[in-house]
Amino acid sequence: QQQVKQSPQSLIVQKGGISIINCAYENTAFDYFPWYQQFPGKGPALLIAIRPDVSEKKEGRFTISFNKSAKQFSLHIMDSQPGDSATYFCAGFSSGSARQLTFGSGTQLTVLP
Amino acid sequence: DGGITQSPKYLFRKEGQNVTLSCEQNLNHDAMYWYRQDPGQGLRLIYYSQIVNDFQKGDIAEGYSVSREKKESFPLTVTSAQKNPTAFYLCASSPPGVRETQYFGPGTRLLVL
């Protein structure tokens, strides 16, 4: 059962544009929602994360928007740069008995120069 | 220089052979994890360990085995029972009390000859 659905699968954006990646979750026990960035041949790195008690979190050019009632959250990359070209994964975490991350399927972002 | 190391970077397995992937961390993290990454499927949890000499199956444990004899080390064995082992394998760890924040190693790519 896929508990975190991520879209789109791939995204092409011009330099300076806004990149938007969306995720929807099913497990209402999730209480932490991180985004990871992965470059080819490397391990994922934590980019930004949010808890469901806030609707938005911003760190530099990266913003998470969170809609608890819709069980959706999204990553916005402002002023996208070619160096942002990578695969992005959303995830959900429950601090209950399972206590493990459930990942979305990933979005391959390409920022054209 | 703290971090998570995985070796080897590439590993080739012959039919019917067991192979072991190494994961070492010097971050003093007590929890460690193994994920499998296939194209378009995100990361799937194989096994995890929260303390030495204890580990639990993740979502796709069949055909894999682990041990946790030392806090710093969490090797993964891909057995001959795993019929489709070709994938990118990622090891991660998380600090005490912050299970939701996972740090990943650089990965091992396993290929079948």
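**Figure 1. A:Glu56 stands opposite A:Ser65 of strand 7 in chain A.** The model is predicted; local features need pLDDT of at least 70, side-chain atom pairs count only at pLDDT 80 or more, and totals for chains, interfaces and linings use all residues. Residues are numbered from 1 along each chain as its sequence is written, chains are lettered from A in the order in which they are written, and side-chain values use heavy atoms, without hydrogens and water. Strand 6 (residues 56-59) and strand 7 (residues 62-67) of chain A pair antiparallel over four bridges. Strands are DSSP runs of E, at least two residues, numbered from the N terminus; two strands pair if DSSP finds at least two bridges between them.

**Figure 2. A:Gly60 sits in the hairpin of strands 6 and 7 of chain A.** Two residues lie between the strands. A:Gly60 takes a positive phi near 65°.

**Figure 3. Chain B has 11 strands and zero helices.** Helices would be DSSP runs of H or I, at least four residues. Its C-alpha trace spans about 40 × 25 × 25 Å along the principal axes of chain B.

Figure 4. Of its 113 residues, 51% are buried, meaning under 20% relative accessible area (1.4 Å probe, protein chains only). Among contacts (heavy atoms within 4.5 Å) with a separation of 6 or more, 53% join residues 24 or more positions apart.

**Figure 5. Charged side chains of chain B.** Chain B carries 12 positive and 11 negative side chains. Lys and Arg count as positive, Asp and Glu as negative; His and the chain ends are not counted. The centres of the two sets lie 6 Å apart, with each charge placed at NZ of Lys, CZ of Arg, CG of Asp or CD of Glu.

Notes:
Buried < 20%, exposed > 50% of the residue type's maximum accessible area, 1.4 Å probe, protein only.
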